[in-house]
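Subject: Structure handover

Hello,

Here is the structure you asked for. My notes follow below it.

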Amino acid sequence: MNIRINELIDSRDTVNKWLERYGVRFGVYKHGVFNEQLFPFDSIPRIISHSDWSYLETGLKQRVLALNKFLWDVYHDKRIIKDGIIPEEFVYSSKGYMPECEGINPTGEVYAHIAGIDLVEGKDGQWYVLEDNLRIPSGASYPMIAREITRKVSPQTFTQNAVAENRNYSKLLATMMEEMNNGRGISVILTPGRYNSAYFEHSYFAEKIGATLAYPGDLFVEDNKVYYAGIYKEKTRVGCIYRRVSDEYIDPLIFEASSLLGIPNVMQAYKSGNVALINAIGNGVADDKGIYYFVPKMVEYYLGEQPILQNAPTYLPYFKKDYDYVLANIQRLVIKDVSEAGGYGVVFGKDLSKEKLDELKALIIDQPRRWIAQEVIDFKDLEILEDDKPVERKADLRAFVVSGKETRVWASGLTRFSRNPDSFVVNSSQGGGFKDTWVLEE
Amino acid sequence: MYNYQTIVEFSEAVPMHAVMLRCQPVSNAGQTVEQEHLVVSPDYWLQAGHDAFYNRILFGGATEPHKTFAYVSTGIVATDTYVIKYRGENLFLFKQPTALTNVREAVLTTPDNVIDAAYAICNWLYENIVYQPLCTTVETTAAEVLERRKGVCQDFAHLMIALCRQRDIPARYVNGFLEGEGETHAWVEIFDGYNWLGFDPTHNRCISEGYVKLAHGRDVRDCSVSRGLFTGQATQQTTIHVTLQEI
């Protein structure tokens with residue numbers, strides 16, 4: 001192990017400059033205004049030991065396998081509801097549950113082809129899952145391109161340290177898409193366009209995996225099959241769409257009628273097995289903040305195994321016992337609104353005034369199902385450079401799990417940190433930065 | 001015998017038009033489709049399928065520039081007593097208010113018995129809401145109807161559904177044909193623990209016979225007879241003609 005830390009520190013500005021030139025940006029819509037911001041890169045990597053990684057890898061595979069089985073079950077037999085493991089209201093009142101997906105058999109029975117699992121490491125060295133992202137999780141492109149550039153700026157770093165390769169993510173994606181495509185046609189990445197927050201990622205992956213980058217209007221359905229309209233109006237059959245358009249906009253004839261981002265009738269082609277959609281439609285029911293509580297139970301239920309990864313200690317006010325506990329301890333818990341995403345709708349009891357706490361309590365009393373509460377995990381800080389001086393900040397890790405015929409974990413991930421010393425919220429949409437994640441080989 | 005005709009005319013040629021239709025009656029315990037015919041503009045491809053609530057749908061479109069889209073759905077349906085067997089539908093979805101069927105305030109007190117409650121709600125609507133064409137839109141919510149006290153069949157149905165769901169009675173929106181000429185009609189089905197029963201709040205009655213059902217769902221959004229999307233700058237003009245005649 002020979003981390004040339006000074007060289008890495010010195011490389012920071014150069015790498016950030018190159019990231020800027022490559023257009024590594026993050027678009028944020030707030031109050032109706034679109035702003036692009038750079039995604040600041042911190043050059044000190046997060047390092048995960050080989051043994052920690054083996055543990056995480058096994059745990060992540062197990063978790064994603066169970067989540068995929070849960071999604072199949074929800075849209076087919078509903079055993080887990082009938083057997084009383086999950087109350088039906090948590091499933092059917094979830095905004096992510098789509099009755100339109102009932103009975104659809106996605107190719108290979110896979111729903112969450114790309115899962116982004118957000119973890120934190122506690123001060124005690126224990127890892128906790130904070131959130132499962134099973135719809136269209138983004139972020140893998142950032143550590144990929146940052147490593148690509150760092151490798152050029154400081155090549156010795158990677159010849160002298162046994163850091164697991166991260167360039168294979170493109171291969172993981174390409175293989176999975178090929179397996180789901182099943183020879184039906186070309187594979188495309190459907191982007192909403194350059195005003196999407198993750199547009200950089202869409203174009204980067206299209207280039208890396210050799211898929212066509214399709215914009216709204218490029219794809220259409222004819223005779224229940226999907227085609228790509230080329231610039232000369234030629235038709236090319238499409239077999240697999242890695243769609244970066246959310247469920248409610250994917251088919252204006254089924255969902256949001258005003259959507260100009262989707263493909264009319266694509267749901268019919270999908271239902272008939274004529275095209276694979278990556279990720280499947282309807283996954284939101286499994287990464288709902290309310291369903292999160294039940295994921296360890298899914299592992300036991302579907303796989304008959306003990307869950308390897310832990311959830312953060314979570315309470316559902318829906319249950320009487322938890323309801324009493326949450327109302328009594330609200331001032332030291334994190335309260336999350338299950339209908340919000342991206343770090344919005346998350347409040348820390350300790351930050352609230354007496355009046356605000358009472359308002360929040362009233363909301364919980366009014367609609368218990370809408371809220372979850374969690375213990376504040378004292379997670380390990382990571383060093384980042386602030387004006388060239390190392391300081392400690394909160395950070396999480398988004399691990400990427402790719403499921404095609406097999407489930408594979410990418411030996412890297414997106415480490416996001418909060419630049420605000422008092423904040424636990426690391427979401428990029430809230431102004432955080434990122435680091436590379438090194439997984440050490442034996 | 002029913003006849004449903006639609007002509008969509010575009011002000012200029014559109015390069016692409018995709019459609020989804022729910023214009024063919026289903027066979028169920030209350031009605032049997034004995035004959036049906038469908039005529040569609042020849043440049044459209046169309047396939048049959050089912051939606052999330054097992055309604056019959058036709059979906060398709062045209063991908064060459066064109067200026068019109070027309071179809072006629074016609075046939076003969078034998079109707080029987082309007083009692084529709086429960087076939088394992090997810091009742092939770094019909095008990096949960098949607099954006100269009102969400103009323104939180106208490107409007108009236110009703111008997112505990114589900115059927116008596118449905119009659120009471122129907123009657124209350126008939127006495128308190130005025131039928132007035134063109135005063136609402138397809139987006140009008142049950143809460144707005146309650147406030148303004150007027151509406152058309154869709155609004156009566158939404159408000160009845162909202163009031164049933166308040167009481168945990170599974171209720172669904174139904175779209176179909178009623179004897180006469182004009183447009184499609186909307187009514188409500190409630191679940192009495194065994195079967196789905198039809199109520200027509202616009203006419204204040206429990207449905208016995210003579211209604212031809214096209215589709216049901218959580219609210220009107222699940223039941224639209226026709227949904228479409230085209231590209232280009234054209235404006236569209238749609239002419240619909242519906243008849244249902246006893247033969």
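How many helices and strands does chain B have? Chain B has 4 helices and 17 strands. Helices (H or I, at least four residues) and strands (E, at least two) are DSSP runs, numbered from the N terminus.

Two points on conventions. This is a predicted model, so local features need pLDDT of at least 70 and side-chain atom pairs count only at pLDDT 80 or more, while totals for chains, interfaces and linings use all residues. Residues are numbered from 1 along each chain as its sequence is written, and chains are lettered from A and ligands numbered from 1 in the order in which they are written.

**Chain B**

The radius of gyration of chain B is 18 Å, close to the 18 Å that the globule rule gives for 247 residues, so chain B is as compact as a globular protein of that length. (The radius is taken over C-alpha atoms; the rule is 2.2 Å times the number of residues to the power 0.38.) Its C-alpha trace spans about 55 × 40 × 30 Å along the principal axes. Of the 247 residues, 43% count as buried. Buried means 20 or more other C-beta atoms within 10 Å of the residue's own, exposed means 12 or fewer, and partly exposed lies in between, with C-beta atoms placed from the backbone.

Contacts come next. Two residues are in contact if their C-beta atoms, placed from the backbone, lie within 7 Å. In chain B, 73% of the contacts with a separation of 6 or more are between residues 24 or more positions apart.

**Where B meets A**

The contact takes 17 residues from chain B and 18 residues from chain A. On the chain B side, β2 (17-21), β4 (45-50), β5 (56-62), α1 (92-95) and β16 (226-230) each give two or more residues. β4(B) gives the most, with 3 residues. By class, this side of chain B has 9 nonpolar, 7 polar and 1 charged residues. Ala, Val, Leu, Ile, Met, Phe, Trp, Tyr, Cys and Pro count as nonpolar, Asp, Glu, Lys and Arg as charged, and the others, Gly among them, as polar.

**Chain A**

Chain A has 14 helices and 21 strands. Its radius of gyration is 22 Å, close to the 22 Å that the globule rule gives for 442 residues, so chain A is as compact as a globular protein of that length. The C-alpha trace of chain A spans about 60 × 60 × 45 Å along its principal axes. Buried residues make up 46% of the 442. Among contacts in chain A between residues at least 6 apart in sequence, 71% join residues at least 24 apart.

**Two residues in chain A**

A:Lys61 sits in helix α2 (residues 50-74) of chain A. With 17 C-beta neighbours inside 10 Å, A:Lys61 counts as partly exposed. Leaving out residues up to four places away in sequence, A:Lys61 touches A:Val401, A:Thr407 and A:Val409.

A:Pro216 lies in the loop between β7 (212-214) and β8 (219-222) of chain A. A:Pro216 is partly exposed, with 16 other C-beta atoms within 10 Å. With residues up to four places away in sequence not counted, A:Pro216 touches A:Pro192, A:Gly193, A:Leu260 and A:Leu261.

Best wishes
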